[in-house]
Amino acid sequence: MPPRPNQPHRPLPTMTADTLVIADFGPRGSRGLRGPRHPGGRGGPDGRGGPGGPRDRRGPRTPGPYRRLLATPGARAFTIGNLLARLPMGMLSVSAVVMIAGTRGSYALAGAVTAAGLGATAVVAPWIARLVDRYGQARIAVPATLLAALGSLALLLCVRLGAPAWTLFVSYAATATTPNLGGMSRARWAYLLDGDEKALHVANSFEQAADEACFMLGPVLAAFLCGTFFPEAGTLTGVTLLVTGALLFAAQRSTEPPPWTPPHPDPHPDPARTRSRPASPRTPLRTPALRPLLTICLAMGAVFGSMEVVTIGFADGQGHRAAAGVVLGLQAAGSCAAGLVYGAVQRNGSVEDRYVWCITAMTALLTLPLLAAALTGSLLVLACALLVAGMATAPTMVTGMTLVQRHTPPGRLNEGMTLAVTGLLGGIACGSAAGGWTVEHVSPVAGYGVPVTAAAAALMIALVTHRVTHRPAESSNRFT
């Protein structure tokens, strides 16, 4: 018989034939085989397993790639500031158009002012990026951002006070000093993750998705503020976000890449080595493997610029011009989602081969909006086609930026990425002009042939220069 409750639990020996059996009638948790029983239930305080319990078989859950990326020391702090400062990228130009057109009653003047600012950015941005590489992000980005903010505020005052038209051009041209905040964020990732290609791929995918999200949310926020409150509300909010985010970003000095410093002169120089090694890193424009990549960026920009103008023209022809922003937002949403997925999946093959395949997929998918517009004429079907077509954008841009980083000379990373952005801006201007001409002189449906043609041109350049871009990078360390 088992022992009574008030008696200690003792094993009970007994004999069965020639075998000695020791029976223990005590509680299961007291046997020492499974450890002490938790008072809350079976193996844990919640009755669902715990230390020593029957369900304690799974280890800790492995965090996802983006969670591991943001767990990098200092990463979350500079990312928050950078995202705040990048959101106005999609706000300020739309706010300027609404503000100028609403006050002066001329969309032509508004478009000319923003185009002039775009041209000034193409000239000034590489110079700002070169200073950032030479003297550091905080020393250059903060004053450059403040000057750009003053330009936006000057534009607001000139519009508000009815100043001459030429003052609008001068004021908006001052905003060209806005530093390439996305490029500086990518430079920080390259500095923190130097040598880890997988983590850098995830970082580039995250940054591209952030770009798409800013360009998707920025115009919507600007239109809401200008339409709900007053025409200057979008500009004021954009300037506030830009300055606040830039200051927060620049304050994170622990993750800032060190500026390039020239090597110390050799007291006994070798004339042969002195002639073969430059005293300073050469400009990225003189790098053979980088020039075709910048040309492809020009063609890519033509895709984006023409798609925007043609979609607005198509929606206007359908009597739904106000819905053009939502339709273009779906394209950006598809690109953002695809960029996040692309960063999380396992990659195969070389970066150069993936770049060609991404451009091929982009060219093929861009035929969907053309077919949707030509065969159905439905804005809803077109929106679905743009959503699918946008899924090739982010993977293509992520891979392209990876190649730009790889082939940019050491000490010129910000300048190299800014040149790529400048190529995109130049392509956007050319694509907008070509798309607008086609919509006006042919038809909006035919206008969708412009982005397909631009993507096909990018594909041809990538195929022809494939061997050039396969050349090894000059250095694995971008900051030496």
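**A colleague's note on the predicted model**

1. Let me start inside the fold: with a relative accessibility of 0%, Met-99 counts as buried (buried is under 20% relative accessible area, exposed over 50%, partly exposed in between, with a 1.4 Å probe and protein chains only). This residue lies in helix H3, residues 92-104 (helices are DSSP runs of H or I with at least four residues, strands are E runs of at least two, numbered from the N terminus).

2. A word on the ground rules. This is a predicted model, in which local features need pLDDT of at least 70 and side-chain atom pairs count only at pLDDT 80 or more, while totals for chains, interfaces and linings use all residues. Residues are numbered from 1 along each chain as its sequence is written, and side-chain values use heavy atoms, with hydrogens and water left out.

3. Back to Met-99 and its surroundings. Leaving aside residues up to four places away in sequence, Met-99 touches Leu-155, Leu-156, Val-159, Pro-231, Glu-232 and Thr-235 (a contact means heavy atoms within 4.5 Å). Its C-alpha is 7.8 Å from that of Cys-226, a residue 127 positions away along the chain.

4. Helix H2 is worth a look too. Its twelve residues, 75-86, reach 16 Å from first C-alpha to last, close to the expected 16 Å (1.5 Å times one less than the number of residues). Buried residues in H2 include Ala-75, Phe-78 and Arg-86, and their cover includes helices H1 (65-70), H7 (181-192), H8 (197-228) and H9 (233-251).

5. On the outside, Phe-229 sits in the loop between H8 and H9, and counts as exposed because its relative accessibility is 54%.

6. For the chain as a whole, there are 20 helices and two strands, and 45% of the 480 residues count as buried. Among contacts with a separation of 6 or more, 78% join residues 24 or more positions apart.

7. Finally, confidence. The protein chain averages a pLDDT of 80, and 79% of the residues score at least 70 (pLDDT is the predictor's confidence in each residue, from 0 to 100). Over residues 272-280 the pLDDT is below 50, and this stretch has five contacts in the model beyond near neighbours in sequence. Residues 474-480 also stay under 50, and there the model has 28 contacts beyond four places in sequence.
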